[in-house]
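Here's a quick tour of a protein model for you. Have a look at the picture, then read on.

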Amino acid sequence: MSAVQHLAIVGRDAPLWLAACVMQSALGPSGLRVTAVELPAGVDAADGHAALPALEALHARLRIDEGRLLAATRGAFTLGKQFQDATGQAAPFFHAYGSTGARIDHLEFLPQWIRARRFGMPVAYEDFCLTAAAARHGRMLVPDPEIEKHGFTDYGYHLPAIPYGAWLKQLATRRGVTAHEACQVDVRLDARTGDIAGLLLDGGRQVDGDFFIDASGHEALLSTVIGAARESWRESFPASRLLTAYAPQIPSLPVYADVRAGESGWLALYPNQACTLVEYAFSSETPDDVALEQARHLSRMELQGARVRSREPARRVAWTRNCVAIGEAACVFDAIHGVDLQAVQLGLVHLLPLFPVSADFAVERAEYNQNVQSAFERIRDFQTAHYALNRYGGAFWARGRLSPVRADLLRKIGVFRARGEVVHYEDETFSIADWQSLLLGHGVLPDSWDPAVDRSAPEVVQGEFKRILAFIRQKIEWQRSHAEYVQLLCTPSLLARGERAPRNQTQ
Amino acid sequence: MPATPLHIVIVGGGSAGWMCAAACAQVLHPQRYSLTLIESEEIGTVGVGEATLPALRDFNELLKMDEAQFLRETHGTFKLGIEFRDWDWPGEHYVHPFGSFGQLWGGVEFQHHWMRARQLGLQPAPLEEYSVAVRACRRNAFDFPDFKKPRSTFYGYAYHFDAGLYAAFLRRWATARGVKRIEGQVVEVGLDANSGNVSKLTLKSGQKIAGDFFVDCSGFRSLLLGEKLGSTWEDWTQWLPCDRAWAVPCERSVDFTPYTRSIARKGGWIWRIPLQHRTGNGHVFSTRFVSEDEARATLLAQLDAPALMEPKLLKFRAGRRLQAWKKNCVGIGLASGFLEPLESTSLFLIQKGIQDMLRLLPTPEAPQPDERLADEFNRSSDSLYERIRDFLILHYVANRRFGEPLWDHVRTYPLPESLRHKLDLFAARGHVPYYKDGFFSRDSWLAVLFGQGLMPRTYDRLADFIPTEELSAKLRELHAEVAAHVDDMPSHADVIARYGEAPMKRAATT
């Protein structure tokens, strides 16, 4: 048998259509036929995606126009996440999608800051972060050459799930994906090999295919049938229930996610153009109706469309036989840090350069499973660190502090505490800057610093600190408010009238 | 409130010791760290003609070294890659360049486009003709990379130089910047009874030297790390059986290559490293497969100019110490491990060890070594050693020198699983794994995989997006671009003469 000719993807919502778009765009020219079998939606008006910056790169690869996307989905930008403590135990911190400070004497900023702080310099680390400062001031941050020279800055999106899925579906079918809707899908196995031979849809419809993607979410429709091995991550995380709801739009349209720790769980607000999406994660020890009250209290907003689902963190072997599970079918993460679309994206991006070129793909499968497992475990480490290091009050967080910390993460925390260095492994989703924010935010203050910075003269360092803070103040003044920026981007007629064009308007 | 300076004692001169001393003197604050290096004129160093990797330029830049002066001082030349002769099969040869082959098109690596063109019958040029660095090697040409030129013509460069002169140069450099040099031979290493840390060294003269932190640059002997602290040796001779080298310099020949040459022979391989004033040669071999005498004769027969002295014999074995940092002692260079110089990694391993050590060093406020930082050093060192090891083994396993016992042996022994998997992936579809840290890059893997005569069964389907006619045109265009770039390059000999030639060479020829 030759290379795969027909790929069938079973799933729902954004993961299904993102997979269909990516596979069709990348491998359509190679003669691959892509069929999408759409199951009934699993999301409702209270669901959304808090997408990490990486999604923009994938969109660019798909030649998605950002303005049109945000206009159609009523999504918005996000420059990071603010973590606040409603239990009153810990200071807030901002995890920005951008670098902090700038090199001084050609040396990294963090050790300079650790050293200065040891000698009494009072300014917080994140105050040196341009991206965080823009977010706090409600400004979008559009890089100019000076900003690009200063450091890096990036952004993610808050995308309402229903319109985002619908938009991707439209794109997929326009690009040539064949779509079927189905309430019921039965998997037909090849009796000899145990591989998936085809799908039987309700109404007697048949979809054959020689390769399959399972994008059906946590139920993992195909992967379960072929017996993909599953490993529970229940022990790693204190939350097992997730409440979703929506609330009115916040008028100023904040350009970041707001995450608030309560005694029994955490609440996240994801602003977008349509509304504010709300998530509340808690443990099953809290009854659902009590959780709703807690969520109301923490959000201080009127919540609508509330729905509670259980969430069981677990990882499956992603590629089993002739089927690759992506997204939640492969790995259900904890809800913190909003990594669900990132998991989908990782699954697809790793699959492309290993997509079968012949009937024998055992070596590709081994490579894929190894890479994806490693990438997933790195994300789990990042989430685990958030719980294991927390200093919040309440039983939920006390349980979080007991999360098992695996050797790689233990080393990372240990080396950071000792020296302020981030051990950055292969396959990390989160950058060194992300880890610095997380670890410092949870109060891991390094005992020492890279000895190289001892040679920098204190007055030079102080001068640079002042310069950086002034640069940040000056740059923020020039930025448009998030609301204004989004409106401009989503209204082509304004652009046509000669308004200054925001970046990324068209790829 | 400055604490007492932390006293770092480096044991051993040579490249490792003086590179370490120089970097410490440059990076560390003189009031926070004091530096002593102990070396003995009685103990010779291994220093022969040394070939390096482009990363060495970062090291020289760290010291703010003037490149032309450095070349003059060390009789250095430029290096664009390594030519491997007879490795796959007698008569075959290829270059592993410091640069890319072609360029990414549509995010898809060049080898897939090239293989597709072959399968479509478009008859693309040999892969190496899409590499600027390889084509420059073929013409004995050199020029500095120009980053304003198209990406397809990207390459880097390194140096060949006299390692003994480099060490001497760094010695002058470091001692002028406060490193205290003590002449003497260490005869006893004293440990602290409680901590087990190294506390002081006794020299043959009876002089005692106390220190807080020790760097073992004593070479194969591994006086502190191995002999005293007992860091376990992990043997890799099952994969890399060579255990000896004969080294001999000969006069400079007309063939003034901007690359190192490595020639496979019955019992091992021969290196050839062109310097300004002479050519360094050596034969790395395995005593399991060839006698010392025979190897010596093989080397002498291979020289392309008269030998300048009697060959010197070096003994070694492949492997490394499991803890390169143990207690308050770090091994840098041969004291921590050895990999044969097939890919010029010796100085790179030293450099990487120094850089890791510098960022993880104890501080005067907390002079006791931190277990967590030592572990991190060792983790970094492990992954570097293992990746280089796999890359070296690759040269041996993919050979077709049937009927020669060494080459039959290395072709058939069980491989490390990490390497087996890489070879399978390449064979299936030309896929070359990528890793963030450590050597070697994807381009290097490609060069050696294709160079050793391996050809994937097919290419990645992602390459199919380019229509056939367009692919043909793009390849032609790229080929012409690369050729034009190399046509403009001056000869290697001219660049050296103009830029950084040592005065003594002219004196010698007149």
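## A sheet in chain A

D85(A) has A261(A), in strand 15 of chain A, as its bridge partner. This is a predicted model, where local features need pLDDT of at least 70, side-chain atom pairs count only at pLDDT 80 or more, and totals for chains, interfaces and linings use all residues. Residues are numbered from 1 along each chain as its sequence is written, chains are lettered from A and ligands numbered from 1 in the order in which they are written, and side-chain values use heavy atoms, leaving out hydrogens and water.

Strand 5 (residues 80-85) and strand 15 (residues 257-262) of chain A run parallel, joined by five bridges. Strands here are DSSP runs of E, at least two residues long, and helices are runs of H or I of at least four, both numbered from the N terminus; two strands pair if DSSP finds at least two bridges between them. Zooming out, chain A has an open, mixed sheet of seven strands, ordered 6-5-15-16-17-14-18. Strand 6 (93-96) and strand 18 (304-310) of chain A sit at the edges with a single partner strand each, so each has one side without a neighbour in the sheet.

## Where the chains meet

Now for the interface: 37 residues of chain B are in contact (heavy atoms within 4.5 Å) with 38 residues of chain A. The rule finds five salt bridges across it, each a side-chain nitrogen of Lys or Arg within 4 Å of a carboxyl oxygen of Asp or Glu. D454(A) and R32(B) form a salt bridge, with their closest N and O atoms 2.8 Å apart.
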